[in-house]
Amino acid sequence: MSLPEKLRPKFWNHVPRNVSKSKDQFNFRRIWNLAVLLTAGVALVPLTIMTVIHYQVTQNAIESEINNHTYRLVRNTWGTVSYFLDERRTVLDLIAQDTTFEELNDPARLSAILKNLKRRPGGLVDLGVINSSGRQTAYVGPYKLMNVDYSDQKWFKEVMERGVYTSDLFLGFRNIPHIVIAGKYGLTDGSSYVLRATLDIDMINKALYRLELSGFGDAFIINREGILQTPSRYHGEVLDKISLSIPIYSSKAQVVNDKDPKGEPLIVGHAYIPDTPFILMIVQKKDELMKPWYKIRMELIWFLVISITVILLVTLGVVTYLVNRIYVADQERAMSLHHMEYSNRLASIGRLAAGVAHEINNPLAIINEKAGLIKDMFTYKEMYSEDKKLIGLVDSIISSVDRCGTITKRLLGFARHMDVSIQPVNLGEVIHEVLGFLEKEAEYRSITVSVDVPDDIPQFESDRGKLQQIFLNLVNNAFAAMEEGGRLDIKARRKDEDSISATVSDTGCGIPKADFERIFCPFFSTKTKKGGTGLGLSITCGLVQEIGGDIDVHSEVGKGTSFVITLPLKRKKERK
Amino acid sequence: MRILLVDDERELVSTLAERLSFRGIDADWVTSGEDALKKVEAETYDLAVLDVKMPRISGIKLKDMLKAKYPDMKFIFMTGHGSEEDFRAGSASAYYLVKPIGIEALVSKINEALALDT
């Protein structure tokens, strides 16, 4: 038997019966399907919905937490960088306020100012003064820029126009990244000049570098063309062009989802630094940031899968068990109905037979006496001369009456035993009584019947009627299985102190091994088309159990079948 | 010895009486319990053969009535209905035969029952 067959419940292959009284009340497969669907549905639908909602809520919460975190980081860093640049510009403003244009054009004075400023970290590298026509009128610092004409330069035009200017990054001759800031300041005569300073932005680099970023995070500054202004960890060196897209201008810090060239999702926070060409960027790998969530998500999915499996298994198990119980109960109900019907029918037949036998007995007795009288007259009275032929005729009448008497007595005996329950029983008698009805059939079909009940089989207390039915059923079955010229053997043996066994064997068609388990099941029949109800053996089995015995079968296809009944000599409590 | 046969089947009981007389047994017959009760007033019987099932007074009842009057009387029952209850009721102090009965069986039962007496 394969595994699916083993797991398949009994009711699965149930064929609906169509016997009037035991008409199926249930469609077991439908009940099973419905129960499984409903039970599993009621349990699984809320579970799944809850899990999906939980999944989404948690995912959204974690994503927004990451975004917020990035946003705060961008804001803070943006503040730091802006502050740094603002501070430098303020320094220029202070110089312009504290110092007159003439003083600024004094190299010694300018040099002193620069020297003072250099004492502070992240200070100015050089300082220059440019008049309104674009000529550098004073300069202190490492470059030779005295008298350079900036009037054509773009930055000069910008500072003249807008008042402030911040340059892109450049590498000076010491190969240190610098930027230039410049401011326009008015003079009392209405003209203006420009203060220009070069800044060492190492401090910004350090500040960005020091940021604690998770998820392969990277913080750097680019200009509006996407050229890196500060070194980055993963997106190139200073003055390289970044491979990411340049964020669209926004006055506020923003966090967006992006992808790197490899397609890996990124979370990019950016902010435009006002009055400069700089954009602060904080780039983090989304997958890295989401790792804790992925772990929770995996756990959630596992929990869901295991829960669904457990729910389904339990549902299937419980529903199958219950439906099977209903099925078994229903089968038992149908069987007991049949059993009752069968016993009732048998009892009415018995009563009918007894009535007929009784009615016939009286005329039979009269025939008997009249014929006996004729015989007596021939025998005792001289006046009726002895006529051998007449005596022969009378004898044959008397012997026929005797035969009729035997039949009616047997019928009466049989019917009478059906009412009585427990009494001392002689097994041999019961078997002969049963065979009495079937002798003729056996004779017609040339079936040899042999009965072997040895003397050591004692009388025992049992239900005679049930025993009769058992043997009647078994012998009938044997007859049905045999062709003409078969052989029926009934043997009784003392099994042990407390039990005897009776074997009914035939030389009939036999039972296939596959059917062994099912022959005692109600409604199993190979003769359904010939009017078999499939109840004979199940009723027999039930009767044997009712009188405390056991029934077993040995059979070989084509050779014959033996039914072995084991009966207790001492009656146990009757099983219901 | 005198024997009374009681059975509602006249044909049966009369023939039976005649057959017994061939065998040297003097038997009277009646066809009902009432007649039997009248009959025993007039004559003395050693033994009564009773049909169990008769209209009005059944054989069992009749036996009890007769037994009360004549404690020495013996009884043999005949029945067309071999029921266990009848058997138990009759078997206490009598014999029991199922119809159709063999005349030889009846004779031997009669002899047996009367022999017990002596």
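How many residues of chain A are in contact with chain B, and how many of chain B with chain A? In this predicted model, 20 residues of chain A are in contact with 18 residues of chain B. On the chain A side, the elements that give two or more residues are α8 (291-380) and α9 (388-419) of chain A. The most come from α8(A), which gives 13 residues. By class, this side of chain A has eight nonpolar, seven polar and five charged residues.

I turn now to a sheet in chain A. Five strands form an open sheet of mixed pairing, in the order β12-β14-β15-β17-β16. At its edges are β12 and β16 (550-556) of chain A, each pairing on one side only. From one strand to the next, the twist averages 15°.

Let us follow the pairings. β12 (residues 448-452) and β14 (residues 487-496) of chain A are parallel, with five bridges; here Val451(A) stands opposite Ile490(A). β14(A) then runs antiparallel to β15 (residues 499-506) of chain A, with eight bridges between them, and a hairpin of two residues joins these strands. In this pair, Leu488(A) stands opposite Asp506(A). β16(A) and β17 (residues 560-568) of chain A are antiparallel over seven bridges, where His554(A) has Ser562(A) as its bridge partner.

Which helices pack on the sheet? Helix α10 (residues 427-444) of chain A touches β12, β14 and β15 of chain A, and its direction makes about 175° with that of β12(A). Helix α11 (residues 464-481) of chain A touches β14, β15 and β17 of chain A, at about 25° to the direction of β15(A).

Thank you for your attention.

Methods
Residues are numbered from 1 along each chain as its sequence is written. Chains are lettered from A and ligands numbered from 1 in the order in which they are written. This is a predicted model: local features need pLDDT of at least 70, side-chain atom pairs count only at pLDDT 80 or more; totals for chains, interfaces and linings use all residues. Two residues are in contact if their C-beta atoms, placed from the backbone, lie within 7 Å. Helices (H or I, at least four residues) and strands (E, at least two) are DSSP runs, numbered from the N terminus. Ala, Val, Leu, Ile, Met, Phe, Trp, Tyr, Cys and Pro count as nonpolar, Asp, Glu, Lys and Arg as charged, and the others, Gly among them, as polar. Two strands pair if DSSP finds at least two bridges between them. Axes are lines fitted to C-alpha atoms, for helices over the stretch in contact, and angles run from 0 to 180 degrees between N-to-C directions.
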